[in-house]
Amino acid sequence: MASRRGMAQAEIGSRRANSVYETIRSGIKERKWLPGGKLPSVREMGERMEVHRLTVLKAYRQLAEEGIIEAKYKSGYYVKSHSMASSESLHAGDWDYKARSLYVNRSRLSDIHRQQVDYQMSEALIDPNLLPNAYLSNYVKQVFDLYPRVLSTYSTVLGDPELREELACFFLAKHGISVHPDELLITTGSQQAIDLVSRALAKPGDKALIERPTYSPAIDAFHQQGITLLPVEIAPEGYDLDEVERFMKTERPRLFYMNPTYQNPTGYTVPAAQRKRLVELAEKYQCLLVEDDVYHDIYFGSPPPPPLFYYDTEGYVLYIRSFSKYVAPGLRISVLAARPALMEAIAPVKALSDNGTPLLNQKIFQHYFFSTRLQEHVVKLRTALELRKTAMESQLADTGWHWASPEGGLNLWLRLPRDIPVDELLRRALSRSIAFVPGSICDPLGGMNDRMRLSYSYLNEGKLAEGVHRLIAIADEIRVEHRFL
Ligand SMILES: Cc1ncc(COP(=O)(O)O)c(C=O)c1O
């Protein structure tokens, strides 16, 4: 029995070392640590990844053996110059591969989403059955009648003037925020807004604060620009503002990318008092706040606090508001609000990117979004999503897994017991047609290996209950195997 336990522990140890090795290796490939740069000490890396020092040491040694990193006497471990490029090209050899490998794709999210599964709990997308598709198609016809030339012309780079005008009125009426239509840029989803900001407002070598955990494609967007990310923990009660201030003071980050309302993946909401204080800190230390507000309208009780943008009088907040989740995801319409000095920097990047979001999509959105039908629909949608959240939570109630019940948004963020390795759970779940997002994907440090995100927005209550039931059964199976190894 003792030797069995020994073998089991050895196996767990080697699995951990493997995952630490993979995380560091992909970090180097994505230029999180640059060629010639020093890696965190073994102790520091162990703390970040929540593993023992020896596990990190094992991974470092393996990377050194492969010529990817090197140990320098009494100094630590360093990334070798061009180490990954040369080892990758051994397998690749063709130009096309090398060109593609320049792009960061750390998140692996799209790989998970691409899998066809019966129990889809990885995508933070609303079930198409909850969106009034037939009604939307009437609007499409109406738009063609109203604007017969809509497909024969470009939009302006900032976006359709009528739509921006209506959105400016919407921000004033709904949030008391006064914004000029020329301070609004229509983007092709919030994803594009994040990308534009990362390209227009920071340069390689700049630092940026980012929540830990966070929306993982944002990690990729900033890494792609060679920006160093400094993670700030987000908790149910918000951030540790002393930590934020310390970072702003000592590291002088260019910006702080945040998703403070029903955050993806945690569902946490930063309280109003913190929002106000963050804006003061931003002014004091001249750090831009990039507020990504995708889930603002998806709340279950009372509405969330006002956006940080509401408190901003000096132009330090860039406000990204997406409607794509609940209006019509396929239209890909979001808006980025920024004061003129920042907009001047962003608009040319948007022009280079696509010369303006398609006019047809903007027009359909405009007519649909401001209809009473849509506003009534959102009220029903909130109830439907809350029922789904409750169905998922009831199914999870006896597992001993931990989460803070979100008051809005589309996801549950769970912490699993240590004896259920999330990577292993995902591998087995995918093979049985169940998908979810492992926590490590959402962590800028690549840790959080005991966390996962389950989205409750895509499946109906029955399917959710069944999917979660099956997932728990797989977790139990893993536990039992580990116990008897
Ligand atoms: C926090 C966050 N930002 C941005 C996006 C992208 O949204 P969009 O569909 O508007 O590009 C998402 C989508 O999941 C998200 O969760």
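Modeller: H7 passes H15 in a right-handed crossing, where right-handed means that the near helix is turned clockwise from the far one by less than a right angle, and left-handed that it is turned anticlockwise. Helices (H or I, at least four residues) and strands (E, at least two) are DSSP runs, numbered from the N terminus. This is a predicted model: local features need pLDDT of at least 70, side-chain atom pairs count only at pLDDT 80 or more, and totals for chains, interfaces and linings use all residues. Residues are numbered from 1 along each chain as its sequence is written.

Colleague: At what angle do the axes of H7 and H15 cross?

Modeller: Roughly 120 degrees, and the axes of H7 (residues 133–146) and H15 (residues 359–369) come within 9 Å. Axes are lines fitted to C-alpha atoms, for helices over the stretch in contact, and angles run from 0 to 180 degrees between N-to-C directions. H7 is therefore oblique to H15; under 35 degrees counts as roughly parallel, over 145 as roughly antiparallel, 65 to 115 as roughly perpendicular and the rest as oblique.

Colleague: Which residues of H7 and H15 meet?

Modeller: Leu-136, Tyr-139, Val-140, Gln-142 and Val-143 in H7 meet Lys-363, Ile-364, His-367 and Tyr-368 in H15, a contact requiring C-beta atoms, placed from the backbone, within 7 Å. By class, this contact of H7 with H15 has six nonpolar, two polar and one charged residues. Here Ala, Val, Leu, Ile, Met, Phe, Trp, Tyr, Cys and Pro count as nonpolar, Asp, Glu, Lys and Arg as charged, and the others, Gly among them, as polar.

Colleague: And H9 with H10: what is the angle there?

Modeller: H9 and H10 (residues 216–224) pack at about 25 degrees, with their axes 9 Å apart, and are therefore roughly parallel to each other. In H9, Gln-191, Ile-194, Asp-195 and Ser-198 meet Pro-217, Ala-218, Ala-221 and Phe-222 of H10.

Colleague: Turning to the ligand, which helix gives the most to the shell around it?

Modeller: Helix H9 (residues 189–200), with three residues. The residues around the ligand include Gly-189, Ser-190, Gln-191, Asn-264 and Asp-292; a residue counts as near if its C-beta atom, placed from the backbone, lies within 6 Å of the molecule. By class, the shell has three nonpolar, eight polar and one charged residues.

Colleague: You listed Asn-264. Is the peptide bond from Asn-264 to Pro-265 cis or trans?

Modeller: That bond is cis, with omega near 15 degrees. Pro-265 is found in the loop between strand E7 (255–258) and H12. The bond from Arg-212 to Pro-213 is also cis, with omega near 0 degrees, and Pro-213 lies in the loop between strand E5 (207–212) and H10.

Colleague: Is the phi of Arg-332 positive or negative?

Modeller: Positive, at about 60 degrees, although Arg-332 is not a glycine. Its place is the loop between strand E9 (317–322) and strand E10 (333–337). Most residues other than glycine have a negative phi, and most peptide bonds are trans.

Colleague: Last topic: what are the domains?

Modeller: The assignment gives domain 1 (2–97), domain 2 (109–130 + 374–484) and domain 3 (134–371); such bounds come from an automatic or database domain assignment. Eight residues of domain 1 are in contact with seven residues of domain 2. On the domain 1 side, helix H1 (2–29) and helix H2 (42–49) each give two or more residues, and H1 has the largest share, five residues.

Conventions. Two residues are in contact if their C-beta atoms, placed from the backbone, lie within 7 Å.
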